[in-house]
Amino acid sequence: MKEIWNRLKKWLLKLKQDYPNTEFKLELNKGVSEESLHNLEKIIRKNIPLDFKNFYKIHNWEVDINWVIKGQVLLSIEDIIEMYEIIKTWNKEDLQDFWWDFWDILVFAVSDIDFTAIDLETWKIYLLDNENKKVKKTKDDLKKFLEDYSTMLENWDFVLSDTYWVVSKEDLKYYDEF
């Protein structure tokens with residue numbers, strides 16, 4: 001996971017060099033403690049995969065919100081726990097407007113309209129497209145998801161917007177500022 005973090009940081013900073021007029025900053029929090037990860041495991045009643053633990057032990061993500069994971073904010077362990085605990089207090093009736101099952105996922109990255117989550121049974125990535133009400137269940141675990149994202153950054157498949165977003169070139173048609 002350290003190699004993945006190094007790749008992400010290197011290419012996000014190169015992207016910033018290509019778009020110097022944005023206010024994008026890559027400031028990362030220190031990693032989480034083993035105690036924080038154990039607390040998460042206790043709350044979700046599951047053992048967390050080693051890759052997930054190692055990823056968050058290096059950095060507990062962003063100091064400022066810069067939407068750096070495919071245009072989403074990667075949540076801290078504390079935010080993941082908070083979101084999980086809030087969702088668990090809701091009644092099924094409260095969720096009738098939602099189109100996916102909150103009970104079996106951990107949301108770890110969010111934007112205004114999309115979520116990236118991890119299935120608590122398989123630890124595979126879910127992409128939740130709120131606008132189109134679609135769920136894409138990938139075959140990727142967190143490590144593969146982040147390796148693929150690093151490769152896309154290295155291939156210059158993303159740009160920085162003035163509003164700090166890391167935007168895929170494929171999605172530029174949705175943004176007025178480009």
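Which residues in helix 3 meet which residues in helix 5? Asp-51, Phe-52 and Phe-55 in helix 3 meet Leu-142, Lys-143 and Leu-146 in helix 5, where contact means heavy atoms within 4.5 Å. This is a predicted model, in which local features need pLDDT of at least 70 and side-chain atom pairs count only at pLDDT 80 or more, while totals for chains, interfaces and linings use all residues. Residues are numbered from 1 along each chain as its sequence is written, and side-chain values use heavy atoms, with hydrogens and water left out.

**Overall layout**

- The protein has five helices and seven strands, where helices (H or I, at least four residues) and strands (E, at least two) are DSSP runs numbered from the N terminus.
- Followed along the sequence, these elements give the pattern α-α-α-β-α-β-β-β-β-α-β-β.
- Of the 178 residues in the protein, 43% are buried; buried means under 20% relative accessible area, exposed means over 50%, and partly exposed lies in between, with a 1.4 Å probe and protein chains only.
- When contacts between residues at least 6 apart in sequence are considered, 53% of them join residues at least 24 apart.

**Helix 3 against helix 5**

- The axes of helix 3 and helix 5 come within 8 Å and cross at roughly 55°, the axes being lines fitted to C-alpha atoms, for helices over the stretch in contact, with angles running from 0 to 180 degrees between N-to-C directions.

**Aromatic residues**

- The structure holds five aromatic pairs, a pair being rings of Phe, Tyr and Trp (its six-membered ring) whose centres lie within 6.5 Å, with planes under 30 degrees apart counted as stacked, over 60 as edge-to-face and the rest as tilted.
- One of these pairs joins Phe-52 and Tyr-56 and is tilted, at 5.0 Å centre to centre with 40° between the planes.
- Both of these residues lie in helix 3 (residues 50-58), four residues apart, which is about one turn of the helix.
- Phe-52 counts as buried because its relative accessibility is 3%, and Tyr-56 counts as buried because its relative accessibility is 0%.
- The rings of Phe-55 and Tyr-56 have centres 5.5 Å apart and planes at 85°, so this pair is edge-to-face; Phe-55 also counts as buried, at 1% relative accessibility.
- Trp-5, Phe-52, Phe-55, Tyr-56 and Trp-123 form one aromatic cluster.
- Lys-14 lies over the face of Trp-11, at 4.3 Å from the ring centre; a charge sits over a ring if NZ of Lys or CZ of Arg is within 6 Å of the ring centre and within 35 degrees of the ring normal.

**Tryptophans with positive phi**

- Most residues other than glycine have a negative phi.
- Trp-123 has a positive phi of about 60° although it is not a glycine, and it lies in the loop between strand 3 (114-119) and strand 4 (125-129), where its relative accessibility of 13% makes it count as buried.
- Trp-156 likewise has a positive phi of about 60° without being a glycine, and it lies in the loop between helix 5 (142-154) and strand 6 (158-160), where at 29% relative accessibility it counts as partly exposed.

- Glu-41 has its place in helix 2 and counts as buried, with a relative accessibility of 13%.
- Not counting residues up to four places away in sequence, Glu-41 touches Lys-46, Asn-47, Ile-48 and Lys-53.
- Pro-20 is found in the loop between helix 1 (2-18) and helix 2 (34-44), and at 55% relative accessibility Pro-20 counts as exposed.
- Although Pro-20 and Asp-162 are 142 residues apart along the chain, their C-alpha atoms are separated by 9.8 Å.
- Glu-27 has its place in the loop between helix 1 and helix 2 and, at 36% relative accessibility, counts as partly exposed.
- Glu-27 and Lys-9 are 18 residues apart in sequence and 9.7 Å apart in space, C-alpha to C-alpha.
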